[in-house]
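This briefing goes through one protein chain, topic by topic. Look at the structure first, then read the points below.

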Amino acid sequence: MKRSASSTFRRAWPNVTAVILFIGFVFPVYWMFATALKPTGDIISENPVWFPTDITFEHFRTAFGADNFWTLVRNSVTVTVLAVVFSLVIGLAAAFALARMRFRGRRGFIIGFMLAQMAPWEVMVIAIYIVVRDASMLNSLVPLTLFYMVMILPFTLLTLRGFVAAVPRELEESAMVDGCTRMQAFRRVILPLLAPGLMSTSMFGFITAWNEFPMVLVLNKSPEAQTLPLWLSSFQTAFGDDWGATMAASSLFAIPILILFVFLQRRAVSGLTDGAVKG
């Protein structure tokens with residue numbers, strides 16, 4: 001009997017732990033969406049309303065009606081997509097060189113990118129602001145895009161390097177024997193095999209750039225040049241914060257990330273693990 005109970009406990013505790021962690025991570029998301037659908041009276045009530053019954057979309061109408069909403073959406077999409085695309089192109093080229101070629105300073109180059117990945121970007125805010133100010137590029141999306149690209153490039157390069165290194169050289173060499181140039185062999189043989197790595201790195205880069213707040217706060221003071229993270233902090237009234245509109249805006253802000261994760265999560269998870277252990 002004791003052995004049976006002990007065996008049952010060993011089998012059950014991982015599942016119980018997984019359920020607890022799942023609830024801990026999912027509950028804030030549920031509470032955000034639930035609060036966005038509650039009337040203001042339920043939100044500020046001393047007794048929490050766990051399951052909204054009197055559903056309203058007034059807070060979403062307030063969020064959609066905010067000043068420059070669609071301009072901020074366009075700005076966020078523009079800088080995020082461009083940063084991800086540029087980092088993928090540059091990171092993939094550099095990852096191929098690091099994985100396939102041997103040159104002096106290669107190890108130091110890799111260590112430098114690892115250090116750049118670990119360094120907090122907030123320590124560079126003042127230096128970046130001075131450079132952008134002296135270049136007369138404040139309130140522009142160009143420096144913001146470049147900063148996001150540089151911010152996600154180390155992770156992109158290091159992850160894709162593992163994927164490129166995992167592709168056997170013989171596949172590339174066979175394609176070149178059959179008449180392909182190195183570029184054609186890369187495009188037709190190696191690139192299709194890198195799809196999980198490209199998806200995982202692009203998802204990480206998208207989330208990082210989409211959520212970034214401090215740099216746009218410092219560089220872009222003009223409302224027309226800001227992005228959605230700053231929009232989330234704008235729902236204030238003479239009586240305090242409008243929590244309903246804030247939660248509705250946060251829900252709208254999170255939807256693209258949730259959609260991206262739902263479509264890419266299977267390939268992204270395998271890409272993150274494979275890229276971390278190979279190469």
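Cys180 sits in the loop between α8 (169-177) and α9 (182-193); helices (H or I, at least four residues) and strands (E, at least two) are DSSP runs, numbered from the N terminus. The model is predicted, so local features need pLDDT of at least 70 and side-chain atom pairs count only at pLDDT 80 or more, while totals for chains, interfaces and linings use all residues. Residues are numbered from 1 along each chain as its sequence is written, and side-chain values use heavy atoms, with hydrogens and water left out.

**Cys180**

- Cys180 is buried, with a relative accessible area of 17%; buried means under 20% relative accessible area, exposed over 50%, and partly exposed in between (1.4 Å probe, protein chains only).
- Not counting residues up to four places away in sequence, Cys180 touches Ala175, Ala185 and Arg188, where contact means heavy atoms within 4.5 Å.

**The chain as a whole**

- The chain has 13 helices and two strands.
- Of its 279 residues, 36% are buried.
- Among contacts between residues at least 6 apart in sequence, 74% join residues at least 24 apart.

- Helix α10 covers residues 195-211, which is 17 residues.
- From first C-alpha to last, α10 reaches 24 Å, close to the 24 Å expected at 1.5 Å a residue; the expected span is 1.5 Å times one less than the number of residues.
- The buried residues of α10 include Pro196, Gly197, Met203, Phe206 and Trp210.
- Ser202 also belongs to α10, and it counts as buried at 17% relative accessibility.
- A polar atom of the Ser202 side chain lies 2.9 Å from the backbone oxygen of Leu198.
- Leaving aside neighbours within four places in sequence, Ser202 is in contact with Val84 and Leu88.

**Salt bridges**

- Side chains of opposite charge can pair when their charged atoms come close.
- Two salt bridges are found in a search of the whole structure; a salt bridge is a side-chain nitrogen of Lys or Arg within 4 Å of a carboxyl oxygen of Asp or Glu.
- One of them joins the side chains of Arg61 and Glu58, at 3.0 Å from N to O.
- Arg61 and Glu58 both lie in helix α3 (residues 58-64), three residues apart, or about one turn of the helix.
- An α-helix has 3.6 residues a turn, so residues three or four places apart point the same way.
- Arg61 is exposed, at 53% relative accessibility, whereas Glu58 is partly exposed, at 39%.
- Arg133 and Asp134 also meet in a salt bridge, at 3.3 Å from N to O.
- Arg133 is partly exposed, with a relative accessible area of 41%, and Asp134 is exposed, at 53%.

**Aromatic rings**

- A pair of aromatic rings is described by the distance of the centres and the angle of the planes.
- The whole structure holds 15 aromatic pairs; rings of Phe, Tyr and Trp (its six-membered ring) pair if their centres lie within 6.5 Å, and planes under 30 degrees apart count as stacked, over 60 as edge-to-face and the rest as tilted.
- The ring centres of Phe27 and Trp50 are 6.2 Å apart and the planes are at 45 degrees, so this pair is tilted.
- Phe27 lies in helix α1 (residues 2-36) and Trp50 in the loop between α2 (40-43) and α3, so the pair ties together parts 23 residues apart in sequence.
- Phe27 is partly exposed, at 35%, and Trp50 is partly exposed too, at 46%.
- The rings of Tyr30 and Phe51 have their centres 6.3 Å apart and their planes at 50 degrees, so this pair is also tilted.
- Tyr30 in helix α1 and Phe51 in the loop between α2 and α3 are 21 residues apart, and their pair links distant parts of the chain.
- Tyr30 is partly exposed, at 30%, whereas Phe51 is exposed, at 63%.
- Phe27, Tyr30, Trp31, Trp50 and Phe51 form one aromatic cluster.

- Ser136 is found in the loop between α6 (125-134) and α7 (141-166), and has a positive phi of about 55 degrees although it is not a glycine.
- Ser136 is exposed, at 67% relative accessibility.
- Asn139 lies in the loop between α6 and α7, with a positive phi near 60 degrees, and is likewise a residue other than glycine.
- Asn139 is partly exposed, at 36%.

Terms used:
A polar contact is a pair of N or O atoms within 3.5 Å; within protein, one must be able to donate a hydrogen and the other to accept it, and residues adjacent in sequence count only if both atoms are side-chain atoms.
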